[in-house]
Amino acid sequence: RTDLDTPLNIETMGFHDKPLEVPAHALASEPVKESSAQAGSGGDTSPAGGSASTAAPSAGSASPSRSPEATARPAATAPRWEVKYQHRRTAQEVRRCKKGKRTDIKPHEWDKFGYAAKEEVLQRPIEYDAQTVPIPRVKRRDITPEWFHKEFACKAQPVIVEDVCDGWPAMERWNIDALEERFRHVPFKVAKDDKGKKMRTKFKYYADYLRHQKDDNPLYLFETNMDDNGYIRPLMDDYEVPDIFPHDWFSLLNADSRPPFRWFCIGPK
């Protein structure tokens, strides 16, 4: 039995033969509690006032405690840019459409590659080879419908006909500000979920997204319901079918069998 007036000698008590073992979870969660020292053959413990605090175990005697850095969970991937929209509800609408369109990534991961900040992606030159050839271009004033039909339509060869849209009202009406003024509260299709359900949002929210987004693969407005939707049908007054397409072969089908043949598309660069 130890004397209260005599300094406690740990080596005389046998602690050097068998180190004190403390569970690892106790080291990580709470400090080691004081234990009463026992000595002598009688096995009597010292009174409450003579309890001796044992030293911390040696490095090799117990499992080391985990550092806060090792136990902390990895933080979620943050967006590369903090996008601030004009309308309060735009972020909610964009998130809803993103979640429906792509289930393989999270909505905040749409800009993880940072393509919007890489000019090389937008200005990368086209390398032509035996398989990749440039599409020919012609001026509308230099051709006739008969020549177009013979040289391109019958051969199923792609061609870009320039200056066809010069007289369309759409050349003045189809900018984002003018469209937002006309169709501010009209829902347009911007996505489709895995089950084929169309996802729509009001044009004012899409225009807000269009002006501020930095996504790698952004949402595109892609509307095909121009004939049946009375709110969107006024778009058909803004253009006319060029005279180099005199025949509408889809008109030979009934209305139910006719596939979509008009698309109104808007998207960022």
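Start by selecting Tyr115: it is partly exposed, at 35% relative accessible area (buried is under 20%, exposed over 50%, partly exposed in between, with a 1.4 Å probe and protein chains only). Before you click on, note that this is a predicted model, where local features need pLDDT of at least 70, side-chain atom pairs count only at pLDDT 80 or more, and totals for chains, interfaces and linings use all residues. Numbering runs from 1 along each chain as its sequence is written, and side-chain values use heavy atoms, with hydrogens and water left out.

Tyr115 sits in the loop between helix 3 (90–101) and helix 4 (119–123); helices (H or I, at least four residues) and strands (E, at least two) are DSSP runs numbered from the N terminus.

Next, pick Thr201 in strand 4 (residues 198–202). Thr201 is buried, with a relative accessible area of 7%. Show its side chain together with that of Glu93: a polar contact of 2.9 Å joins the two (N or O atoms within 3.5 Å; within protein, one able to donate a hydrogen and the other to accept it, and sequence-adjacent residues counting only if both atoms are side-chain atoms). Beyond four places in sequence, Thr201 also has contacts that include Arg96, Phe188 and Tyr206 (heavy atoms within 4.5 Å).

Last stop: Leu221, in strand 5 (residues 221–223). Leu221 has 0% relative accessibility, so it counts as buried. Select Phe203 too: its C-alpha is 9.0 Å from that of Leu221, and the two are 18 residues apart in sequence. Phe203 is among the contacts of Leu221 beyond four places in sequence, as are Phe264, Cys265 and Ile266.
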